[in-house]
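The paragraphs that follow go through one structure, contact by contact. Keep the sequence and the 3D view open while reading.

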Amino acid sequence: MPKRVLSGVKPSAEMMHLGNWFGAVRQFVELQETEQNYIFIADFHALTTVHNARQLRANSREIATEYLAMGLDPRRTVLWRQSDVPEVCELAWLLSCVTGKGLLERAHGYKAALAEGREVSMGLFCYPILMAADILAYDADLVPVGEDQVQHIEMTRDMAEYFNHTFGEVLRLPEARLAKGFLRVPGIDGQKMSKSYGNTLGLFEDEKTLRKKIMSIVTSSTPMGQPLDPETCTVFALHSLFPGEDLEVLRARYLAGEIGYGEAKKLLVPKVLEAATPATSSRFWPTGRGGRDWWRGPPWTAAGWPRASPMRSETEAWGPSRRSWGSRRRWATAATSSISRLSPGPWNCCCR
Ligand code: ATP
Ligand code: MG
């Protein structure tokens with residue numbers, strides 16, 4: 001039986017990066033061969049950081065184009081924009097009513113924001129609830145994500161359990177699916193590569209920009225001729241995204257002190273440029289790599305969203321048409337028509 005796969009990328013920057021591709025999107029492309037693939041553009045989530053509607057829309061189109069360019073096939077993957085299905089916000093509210101604040105206070109993203117002294121909006125604080133609603137609304141079995149999102153999937157399972165315990169068995173518990181070997185791709189500063197940290201190597205960056213960024217990767221001050229440690233080197237970690245004989249030769253040269261960081265960085269440039277190769281054989285590949293106006297190409301209508309494909313009809317069935325959501329919104333019926341079995345919720349004992 002094919003599994004229901006669900007995941008997404010936030011349009012929080014102009015372009016997907018290597019971490020998004022190796023950690024998540026490559027899995028989306030693989031899974032569409034055998035499973036039921038549901039992939040969305042998480043624009044509501046991006047609103048925690050992007051407050052310019054024009055920018056958000058442009059970023060969303062880019063992510064959509066990159067999905068298609070990198071191999072998501074609209075005939076095999078249902079593709080939509082999160083905000084087209086506002087019912088997830090309804091489910092998010094219902095989940096928030098059975099979820100303890102303590103659970104959310106343990107979220108890594110929230111804790112990092114506090115530690116950095118950033119202002120925390122309710123959107124950021126409640127992010128895991130909206131993410132849970134995204135997943136649970138579509139009865140997902142599998143959620144392909146990078147390592148940073150595993151905690152959110154665990155929280156999603158917790159929230160589904162609180163809900164089911166309170167209102168009856170309505171929500172399906174999902175599992176995270178991690179890409180083998182590419183759990184956490186480092187950025188040029190050695191932290192997790194993240195759109196919001198400004199430390200990314202974009203999948204479609206032009207060669208000049210890419211070279212400049214790669215040459216600026218932070219490394220240790222080990223002098224030339226000394227052995228380098230591949231295990232702790234960000235440049236080597238990025239080389240590891242491209243396994244093969246070359247990588248083993250590079251490892252040996254690191255350990256023997258036969259290579260400096262400068263050369264290792266130069267060798268990385270063509271590899272990263274090649275990461276976007278699937279796009280060149282896609283019928284959605286726009287002319288001019290890295291050009292800012294690709295999305296004006298054939299897949300887009302004047303409104304900017306794909307039309308002529310099964311995914312469109314499927315999302316329409318799930319999205320704007322309220323009637324077709326009637327039976328799917330079983331969570332609302334369960335929460336508002338059934339008698340709550342527990343008062344207060346089960347979270348009271350475990351998540352304070
Ligand atoms: P933001 O900084 O806005 O959170 P992001 O770069 O973390 O953006 P997301 O849109 O949050 O990207 O993540 C989309 C998918 O890519 C998620 O499944 C996430 O786990 C995965 N991902 C993001 N960054 C990495 C990374 N550095 N290594 C592996 N997977 C990653
Ligand atoms: Mg993220």
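The side chain of T166 reaches the backbone oxygen of Y162 at 2.6 Å. T166 sits in helix α8, which covers residues 150-167. Its relative accessibility is 4%, and T166 counts as buried because the limit for that class is under 20%. The model is predicted, and the distances and areas here are computed from it.

The next topic is ligand 1. Which residues come nearest to ligand 1? Of the 22 residues around it, S12, H17, D148, K192 and S196 do. For S12, a polar side-chain atom lies 2.6 Å from an oxygen atom of the ligand. The side chain of K195 also takes part, with an N or O atom 2.7 Å from a ligand 1 oxygen.

Two elements give two or more residues each to the shell around ligand 1, namely strand β1 (4-9) and helix α1 (18-31). Helix α1 gives the most, with four residues. Sorted by class, the shell holds seven nonpolar, 10 polar and five charged residues.

How many aromatic pairs does the structure hold? There are eight aromatic pairs. One of them joins Y38 and W80 in an edge-to-face arrangement, with 6.3 Å from centre to centre and 75° between the planes. Y38 belongs to strand β2 (residues 36-41) and W80 to strand β3 (residues 77-81), so this pair ties together parts that are 42 residues apart in sequence. Both Y38 and W80 are buried. These two residues also belong to an aromatic cluster, which they form with F40 and Y138.

Y110 and F125 make another edge-to-face pair, at 4.9 Å between centres and with 70° between the planes. Here the partners come from helices: Y110 lies in α6 (residues 108-115) and F125 in α7 (residues 122-137), so the pair ties together parts that are 15 residues apart in sequence. Y110 has a relative accessible area of 16% and is buried. F125, at 11% relative accessibility, counts as buried too.

The loop between α7 and β4 (142-145) contains D139. Most residues other than glycine have a negative phi. D139 has a phi near 55°, a positive value in a residue that is not glycine.

Where is E205 placed? E205 is found in the loop between β5 (175-178) and α9. The relative accessible area of E205 is 11%, so E205 falls in the buried class. A polar atom of the E205 side chain lies 2.6 Å from the backbone nitrogen of G202. The E205 side chain also makes a polar contact with the side chain of K213, at 3.2 Å.

E231 lies in the loop between α9 (207-215) and α10 (234-239). Along the chain E231 and R251 are 20 residues apart, and their C-alpha atoms are separated by 9.5 Å.

The cysteines remain. How many disulfides does the count come to? With a cut-off of 2.5 Å between cysteine sulfur atoms, the count comes to zero disulfides. Among the cysteines, C97 is partly exposed, with a relative accessible area of 43%. C233 counts as buried, at 7% relative accessibility.

Terms used: Residues numbered from 1 in each chain as written. Chains lettered and ligands numbered in written order. Predicted model: local features only at pLDDT ≥ 70, side-chain atom pairs only at ≥ 80, totals over all residues. Heavy atoms only, no water. Buried < 20%, exposed > 50% of the residue type's maximum accessible area, 1.4 Å probe, protein only. Polar contact = N/O pair within 3.5 Å; in protein donor to acceptor, adjacent residues only side chain to side chain. Near = heavy atom within 4 Å. Nonpolar A, V, L, I, M, F, W, Y, C, P; charged D, E, K, R; others polar. Phe/Tyr/Trp six-rings, centres within 6.5 Å; stacked < 30°, edge-to-face > 60°.
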